[in-house]
Amino acid sequence: MADQKKPLPDRLSLNPRSEHFDQDVLAQGVGIRFNGVEKTNVVEYSVSEGWICVPAGRSLDRFGQPMTVKLKGVVEPFYEGDEAGAEEEKGPGKNAEA
């Protein structure tokens with residue numbers, strides 16, 4: 001099943017009106033790790049430019065779409081079934097020494 005997955009794009013959006021929207025990739029479950037922390041509310045990301053867009057509270061623009069804030073940092077996209085399981089196996093305290 002891992003061979004059937006498309007490579008993750010450099011830029012991806014959840015908005016179907018965007019040119020960076022890709023239903024096939026999103027259907028496989030994409031997760032985002034931003035500055036080492038897994039984020040669940042990412043609307044759009046760009047790996048090469050190093051940013052993510054997240055909703056800015058509950059505010060909406062004049063078209064009824066959520067307003068977003070662009071955060072800059074290290075962006076690491078992954079398929080949820082692949083690396084999420086590997087992180088759980090390692091655990092947070094496995095590398096720490098007493």
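Colleague: Which residues lie nearest the centre of the largest pocket?
Modeller: The lining of the largest pocket has 15 residues. A pocket is an open set of points on a 1 Å grid over the protein atoms alone, where a 1.4 Å probe fits, with protein on both sides within 12 Å along at least five of seven lines; lining residues have an atom within 4 Å of a point. Nearest the centre lie L14, V30, G31, I32 and V42.

Colleague: What kind of model is this?
Modeller: Residues are numbered from 1 along each chain as its sequence is written, and side-chain values use heavy atoms, leaving out hydrogens and water. Local features need pLDDT of at least 70, side-chain atom pairs count only at pLDDT 80 or more, and totals for chains, interfaces and linings use all residues: the model is predicted.

Colleague: Which strand gives the largest share of the lining of the largest pocket?
Modeller: A strand is a DSSP run of E, at least two residues, numbered from the N terminus. Strands 1, 2, 3 and 4 each supply at least two residues of this lining. The largest share, three residues, comes from strand 2.

Colleague: Is S13 buried or exposed?
Modeller: S13 sits in strand 1, residues 11-13. Buried means under 20% relative accessible area, with a 1.4 Å probe and protein chains only. S13 has 2%, so it counts as buried.

Colleague: About how much space lies in the second largest pocket?
Modeller: S13 is on its lining, and so are N15, V43 and E44, among others. The volume is the space filled by probe spheres set on the grid points, which are joined across faces, edges and corners. For this pocket, that is about 190 Å³.

Colleague: Which residue in strand 5 stands opposite S46?
Modeller: Strand 4 and strand 5 run antiparallel, joined by three bridges. Two strands pair if DSSP finds at least two bridges between them. Opposite S46 stands W51.

Colleague: Which turn residue has a positive phi in the hairpin of strand 5 and strand 6?
Modeller: Six bridges join these antiparallel strands. L60 has P66 as its bridge partner. Five residues lie between the strands, and the one with a positive phi of about 85° is G64.

Terms used:
Helices (H or I, at least four residues) and strands (E, at least two) are DSSP runs, numbered from the N terminus. Buried means under 20% relative accessible area, exposed over 50%, partly exposed in between (1.4 Å probe, protein chains only).
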